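Subject: Structure for your review

Dear colleague,

Please find the structure below. A short account of the findings follows it.

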Amino acid sequence: MKMKGAKALIECLKKEGVEVIFGIPGGAVLPIFDYLYDDKDIRFILSRHEQGAGHMADGYARATGKVGVCIATSGPGATNLTTAIATAFMDSVPIVAITGQVMTTLVGNDAFQEADTTGITRPITKYNVLITKPEELIYEVKKAFYLAKAGRPGPVLIDIPVDIQRSEVDFKYPDKIDVRGYKPKYEGHPKQIQKAAEAISRSKRPIIYYGGGVIISGAYKELRELVRITEIPVTSTLMGLGAIEYDNPYYLGMLGMHGTVYSNRAIQNSDLIIAIGARFDDRVTGRLDKFAPHAKVIHIDIDPSSISKNVPVDIPIVGDCKNVLREINKLLKKKEYISLIPKKDRKEWWRRINEWKKEFPLKYKNDNKLRPQYIVERISELTKGEAIITTEVGQNQMWAAQFYKYKYPRQFLTSGGLGTMGYGLPSAIGAKVGRPEKVVIDIAGDGSIQMNIQELATATCNKIKVIVAVLNNSFLGMVRQWQELFFGKKYSAVWLQQRKKEYGECKKPEVDKRCGIVPDLVKIAESYGWEGIRVTRKDEVDSAIKKALSSKNSVLIDFWIEEEENVFPMVPAGRALDEMLCDLG
Amino acid sequence: MTQRHTISVLVENRPGVLAKIAGLFSARGFNIDSLAVGETEVSDVSRMTIVVRGDDRVLEQVEKQLNKLPDVIKVSDFVGKEYVERDLVLIRVDANKSTRSEIIEIVDIFRAKIVDVARDSLIIEMTGDEEKIQALIKLLKVYGIREMVRTGIVAMARGKKD
Ligand SMILES: Cc1ncc(C[n+]2csc(CCOP(=O)(O)OP(=O)(O)O)c2C)c(N)n1
């Protein structure tokens, strides 16, 4: 069937099952928006900044497991998308970004709103392409969706010159696609699987270290099964939270820079690390040459380039976590493998771990002050551990990781790889669009929330109910924490308020330092059509959360927490995992 | 141990692909000695021959990262294999009455060619592997090399002998 390129694009998206697109229009995408206007099947959500649209597509993708789609115009529209694309790239999130481009005849001429979008996004996309001929369009859209999802997922960008959107194409959507340069391996090699099963059975001090790959591959059931049948201690990366439920008896919590003392100790003292869908990121390993000195490593990952990149691997298995774990579990249930297990050593191993657990539990000072950890615990309790939590970046992110009780995969959405401040609010909006039955809460910092605060409008205007819980310390808190601990308490460029002497006389002594607070987040929320609640005391926490949960509207709660609270425990950068700082208070 | 590797990369013959490959090398901090691109017997496939230095771990990453790009169809490392490699070099060398005949003698021995003659210089063309080219350069340096250009190495695996 003949139709215009722009119309064909929309038909392609429908064939891919796209139900929502996030974005902002502009000159180079006008034909697409013209057809979107008439389309009944695809919901369009107008963000207030392209970065917001990108994170919304990302939040939608992470919450649902589907591909998120965003669209922007050429030049500034496309460059505004880049932070969101890079965020998705680092965390292997499948999104398809569609950008308009100036007319093919003008490409390279410094035309109005021209930017070399494919050049700019080359290192932050899994694949990108500038469409140069109308007849390539449909194939490239098919390819984009295939590549976004296949193997290790990631963002794909299609740059479409405006004249191609206007030209006639023959719409025939291919059912199948074969990209000769991209052939991911989904099944693990049986020999390697056997070797791994044997090593697991024989190990005396094993530990399972898993990451976001388990969630992406949908392998959480197989992982839980592995843990159940082997009774091996298991620790998660930031990206893996939820794949193992918080109260699993074998779960040691998160590892790494702000992980639990006992999970890090267990890693350091292990004789076998079973790494599943994780990539030995520097925030996880600490100082590399001191990482797990006695351990052999099994590494299961779909991306061969992740294997032996940072840590040498003894038994590599390239494949989809779900398939590989299914096969390993089958073997481990067999008598001949069970008989290999050194039961006494395993018992002793658990005894040591339990001792560390008792000695260094994850705790905080639960006094009368308004502490962020308490707030996260109350949010967890009052949502019965059922909410989808997104985060900003910094201390808020770590407290959200440490103190919310996650039960499910795709429940905790955070920018782990890139650490993008401003991720939480738009990703919460995207998540809510994809999972409308869920309560969605962005646990935020007062610095980060201002990086995409304009998206409060998007929630209101599209009737998307989300909750933002700002752990407001008036600082760029995580940076302040580093300055406190490693730079002699020189607080350089981290105080987010006016200086007291410039502000002058304090008119509301009860809020002391923070009178004249900039901005007043409650007022901001209200002016965007949200409800705003300020909480300055511990005894107000529950009622505020309950109110936010029961309200029809989106609600921002501005929690004025202790200004100089720190995230503990902590492995200082460049130290070994077992050199952790704990709360001295 | 750092070693020189010649790798052959079959890629989609499309605009932007060269930039993707070159960008990958710079972004990941891999050093390229030379890079040559050209068409193959299949019109929509190009071959890049890349000479890169690194230890086994670096090379493993280079190969894995290249393989990750959807535009890359196949990667093969020639190290440890039987293969032929050639580079073409053009050298403009100073030549006056007294040195000209000596230079011509060298050119003959190397089975190189003189492709341009001027009053005070010659352009010499030669193909060969790295070793041969280095040997020629060393000998010509004495006369004064004014300018040099190389195509970069291209390589091909040898056919089965039996
Ligand atoms: C876009 C961006 N800019 C800068 C940083 C560096 N950075 C990391 S944490 C942080 C402070 C975050 O402050 P806030 O959002 O108030 O959270 P808190 O740590 O106080 O919870 C900064 C500036 C970053 N991660 N992202």
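In chain A, strand β4 (residues 68–72) and strand β5 (residues 95–101) pair in the parallel sense over 5 bridges; strands are DSSP runs of E with at least two residues, helices are runs of H or I with at least four, and both are numbered from the N terminus. Pairing requires that DSSP finds at least two bridges between two strands. Val69(A) has Val96(A) of β5(A) as its bridge partner.

This is a predicted model, in which local features need pLDDT of at least 70 and side-chain atom pairs count only at pLDDT 80 or more, while totals for chains, interfaces and linings use all residues. Residues are numbered from 1 along each chain as its sequence is written, chains are lettered from A and ligands numbered from 1 in the order in which they are written, and side-chain values use heavy atoms, without hydrogens and water.

β4 and β5 belong to an open sheet of 6 strands in chain A, with the order β3-β2-β4-β5-β7-β6 and parallel pairing. Its edge strands, β3 (43–46) and β6 (127–130), each pair on one side only.

Turning to the helices, the axes of α3 (residues 50–64) and α18 (residues 424–434) of chain A come within 6 Å and cross at roughly 45 degrees. Axes are lines fitted to C-alpha atoms, for helices over the stretch in contact, with angles from 0 to 180 degrees between N-to-C directions.
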